[in-house]
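Open the model in your viewer and keep the selection tool at hand. The stops below say what to select and what is there.

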Amino acid sequence: MTFQTTRTAIPMPEGEIVIEHGKLALQASGAVTVKWGDTVVLVTATHQALDREADFLPLTCNYQEMLYAAGRIPGNYFRREVGRPSDHETLVSRLIDRPIRPLFPKGCAHEIQIIATVLSSDKERNADTLAMLGASAALHISDIPFAGPVAAIRVGYADGKFLLNPTASQLAGSELNMVLAGTRDAVVMVEGGAQFLSEDIMAEAVAWGHSQLTPFLDAQEELRAALGREKFVVTPPQEPEDLIAAVTELAEAPLAAALTVPTKMERREAKKRVRQDLMEALAVRFADNPERLKNVPEILEDLEKKIVRQRILTDKVRIDGRDLTTVRPLTMEVGVLPRTHGSAIFARGETKALATCTLGSTRDEQRIETLAGEVARRFMLHYNFPPYSVGEARMLRGPSRREVGHGNLSERALMPVLPPQDSFPFAIRVVSDIMESNGSSSMASVCGGTLALMDAGVPIKTPVAGVAMGLIKEGDEYLVLTDILGDEDHLGDMDFKVAGSHDGVTSIQMDIKIAGIPAEVMKKALYQAREARLHILAQMERVIAAPRGELSRFAPQMDVVHISPDKIRDVIGPGGKNIKAICEATQADIDIDDSGKVSLFAPDQASLAKAREMVLHYDQKAELNKDYDGIVKKIMDFGAFIEILPGLEGLCHISQLARERVNTVQDVVQEGDAIRVRVIDIEPSGRIKLSRKAIILEELGEDPEPPAPPRGDRPRGDRPRRDRGDRRGPRNDR
């Protein structure tokens, strides 16, 4: 017996993608498995009615990777997937959420949950876009109202050609890694990183990616036609016309005046006073039915949106008085914190980031357990958004999804300019603490992070800056806004963040709140962002033109030494005894490569020199005719084996133990005795011959036996010869 399933397939260059329903999670409102190669993702969509009113869409998206999918057992104490999701799982959860959230009807009073679970992974085919595709398919066949479907793909770029859903191996050689989601009419979300690609190529990548979505959308429609359920009805809230008219009459003029206040906190207070006066006036006018006033804040917000957008469209003037392309005033300073390795303050208008850079050893790299195995993150950028940055008071908890997402966006922007690990083997951590926020704090983190890296002396390839772009669309008119405020982000139609250098784009993130924008508008936004980016970079270079020539004196001191690979075990010692002793004595971190490369990280130069000396102590080479203090390790009938250097032994023949004839080795030395010996021969094989006799004769003033020259240099006449008669003797007499 086999399960009765409904399936559809989408051809791919690397095997088809199959969407299937009917085998798993059949009690969910909608459920599909999405399979590509050996990667399988189960995505479910469920809903239940809320027992309370909500003024927001109660949508939750969760992506989870089960380590059994890659044949692995979790490495934590519990040996199960526990605790909060990893940063990667959080980022993919956001990728699922962003394109589908705008497609639910206003007034939906049901809690909706999307769960995407990776059940199998071949490590080559990425599961994130499969989860995004599955979320749309599960919603589309369910009874949940959803204005889909949407499709999601990954776009790569290599050898001048775009790649559709490149595998992990293909991405390793790709100059672009971009996730794109869209409907038939428009792109609704873009997220990705690039290796300094031009604005033309980035715009072309978005347009090309959108042209590839049709088969993914057709497959979902096919599933819907075969087994789609009837959608439950959502009645959108109807605002009474008389209440809307009253709000407009009483609040339009004072609200328009409040929206001309250029600074955020003063503007907030002005808007608050307008709202208070409005509610007092409406309470009198609608005293017979005060319940009607619960929707006034939403009506007032719609009025604010109308006023702001109309002013921009008509007068080309924004909330703070700027035109459409001007970047807010910039203020920067580096080296602001005395004991950090690098620090900077970057302010753009009323958005301000304090960025710090900390350097560490390879032991400070973040170890992450993934489906592909344990990986190490050498560079980390952490973004913090404390409540005081927006004048609020709230509980401090762990990083939110937004903080994780903004940190990842900024990290992706800076990754391409970092020096290679073989030339700069430090672990690098940048922290961006937002001091004040009024729009585009993630891009302020990119700029501040660049300044902090340069202040720390990290030899980055080139500075990077970022800016957030907005959009106002009314009818067929599109206006692109440079360096948007928080209110413009909230009231506008697009949030488009672009980061890069003089040479091109390194990171991009776009969310569109309308049906879509034409390709020429996208290109205009990219080029307008480039102009702003170059302006910001010029201001940054006035503050610090290049990375400092040396690291902070508080940064770890680093050196690399090379030892023979067969000496690695001696440096480490039994159970790590030797390397632990070096670390304790010098406070250094030591990383040893299988090739014999030893990276040393110490708090100061003195500790570094001591650590270098202690490591090289185990890799010393014996020198011909040099005296050594050794320890007798083993006694044989023909002599004693003596350790003259850590892990290095030589043989002192019985004839070389004393001036006089020695009958037995034990007459002169015992195991464990300390003895001074001289190296009298080093054979090509590495075997070392020692002599105690030579030192005794020298101390007595007698001529010691001449040392043996290296074997390769001995004249033929000095070599012992066998009697010719022996060679001519019978074979069994040899």
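This is a predicted model. Begin on the surface by selecting Tyr77, Phe78 and Val82, which form a nonpolar patch with about 400 Å² of accessible area together. Is Phe78 buried or exposed? Its relative accessible area is 57%, and the cut-off for exposed is over 50%, so Phe78 counts as exposed.

Next, colour the chain by domain. The domain assignment gives domain 1 (6–227), domain 2 (241–315), domain 3 (330–543), domain 4 (557–617) and domain 5 (626–700). For domain 4 and domain 5, the C-alpha centres are 30 Å apart.

Select residues 441–455, which make up helix α10.

The remaining stops are salt bridges, of which the structure holds 41.

Select Asp128 and Arg154. Their side chains meet in a salt bridge at 2.6 Å, N to O. The pair links distant parts of the chain: Asp128 belongs to helix α2 (residues 128–141) and Arg154 to strand β7 (residues 151–158), 26 residues apart. Buried means under 20% relative accessible area. Asp128, at 8%, is therefore buried, and Arg154, at 6%, is buried as well.

Now select Asp483 and Arg348. They form a salt bridge whose closest N and O atoms are 3.9 Å apart. This pair also links distant parts of the chain, 135 residues apart: Asp483 is in the loop between β19 (477–482) and α11 (486–491), while Arg348 is in strand β12 (residues 342–348). Both Asp483 and Arg348 are buried.

For the last stop, select Arg687 and Glu683. The closest N and O atoms of this salt bridge are 2.9 Å apart. Which side of the pair is exposed, and which is buried? Arg687 is exposed, with a relative accessible area of 58%, whereas Glu683 is buried, with 11%.

How values were computed. Residues numbered from 1 in each chain as written. Predicted model: local features only at pLDDT ≥ 70, side-chain atom pairs only at ≥ 80, totals over all residues. Heavy atoms only, no water. Patch = residues over 30% accessible without salt bridge, like charges linked within 9 Å, V, L, I, M, F, W, Y side chains within 5 Å. Areas by Shrake-Rupley, 256 points an atom, 1.4 Å probe, with all protein chains shown as cover. Salt bridge = Lys/Arg side-chain N within 4 Å of Asp/Glu carboxyl O. Buried < 20%, exposed > 50% of the residue type's maximum accessible area, 1.4 Å probe, protein only. Domains from an automatic or database assignment. Helix = DSSP H or I, 4+ residues; strand = E, 2+ residues; numbered from the N terminus. Expected span 1.5 Å × (residues − 1).
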